[in-house]
Amino acid sequence: MNLIIHFLPMINNIFFDLKFKIIFLGYFLIVSCTDDKVIMVPEQEITQTSSDYIKCEVYFNSIVYEIEKGFSTNVSSRSFPIYINHNLSTSNEDTLIIDYGNSNTLINGKFFRGRIINIYSGLVNDTNFNCSSNFDNFYLNNNLINGTITIDNDEGEIQIINGEVTDISGKINWNSVQKRTQSHGLQTVNIEDDKFTVNSSTTGNGKNNINFSTKSDSLKIRYDCIESCLVYDGISIINVEIDDVSKKDIIFGSQSCNCNYNVIISGNSYPLYLY
């Protein structure tokens, strides 16, 4: 059977030092191909897949914030990270390197090191702005990040292509297509007051080698939540493939900047801790 899980916020915490934990009191029924026995899918695998998805969603959206901050008009007043512009011309492609150095530095509640290399054309607030971003030995909270992020203002679209998040326990592979509509901050210079409504679809493979896919309708992103959880509201439906015969639906929602949630399973609530 399909199990429905709903994530709701708890109070007073921030995502970078929290831990994922989901207590599941449900199970999947899988009919064996050889007999009529019913077996239980290990809840640990479902917990890991849920953690992997949310980690990618939060981390890559935080990186998009860092990229957009690098293109803001007041970036020259910042002493760190180091912003290096090459081949400045509005008529062709230019390069912006965001360099966090070789040692961890705490920025907005997260540790950064390495470089983000952005190839772009146009001005960031114009509809013809396009940017393709790659990583050079880049770490976020000691997670090695790889892949390509593309931003297309004309389409209102952000893509994560061949994304990877790797820590000491394994690697998450992730691809995402995200459509953004800005709802706040259009008339101000600083991006910290920007808010977006996001529809997205993703595919991934978690640390436990289980494939998953998601569809999100009207996720809310607030850049003033960057020090905690900038994805603060909305729903994601996650299909988890287990033994090629079973899928699982998870509903992810929140209403505040904190990244401490409840999981609701068949009307029962259990804690989920993000880190």
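**Figure 1. Overview of the protein chain in the predicted model.** Of the 275 residues in the protein chain, buried residues make up 47%, in a model that is predicted. The secondary structure of the protein chain comprises one helix and 17 strands. Among the contacts in the protein chain with a separation of 6 or more, 54% are made by residues 24 or more positions apart. The protein chain exposes about 13,000 Å², and carbon and sulfur atoms supply 50% of that area.

Figure 2. Because Phe71 lies in the loop between helix 1 (43–70) and strand 4 (82–86), while Phe129 lies in the loop between strand 7 (110–121) and strand 8 (130–140), the pair ties together parts that are 58 residues apart in sequence. Phe71 has a relative accessible area of 14% and is buried, and Phe129, at 2% relative accessibility, also counts as buried.

**Figure 3. Close-up of a cluster of aromatic rings that includes Tyr100.** Tyr100, Phe112, Phe135 and Phe138 are linked into this cluster by ring pairs.

**Figure 4. Close-ups of two arginines, Arg113 and Arg180, that lie over ring faces.** In one view, Arg113 is placed over the face of Tyr139, at 3.9 Å from the ring centre. In the other view, Arg180 is placed over the face of Phe196, at 4.7 Å from the ring centre.

Key. Residues numbered from 1 in each chain as written. Predicted model: local features only at pLDDT ≥ 70, side-chain atom pairs only at ≥ 80, totals over all residues. Heavy atoms only, no water. Helix = DSSP H or I, 4+ residues; strand = E, 2+ residues; numbered from the N terminus. Buried < 20%, exposed > 50% of the residue type's maximum accessible area, 1.4 Å probe, protein only. Contact = heavy atoms within 4.5 Å. Areas by Shrake-Rupley, 256 points an atom, 1.4 Å probe, with all protein chains shown as cover. Phe/Tyr/Trp six-rings, centres within 6.5 Å; stacked < 30°, edge-to-face > 60°. Lys NZ or Arg CZ within 6 Å of the ring centre and 35° of its normal.
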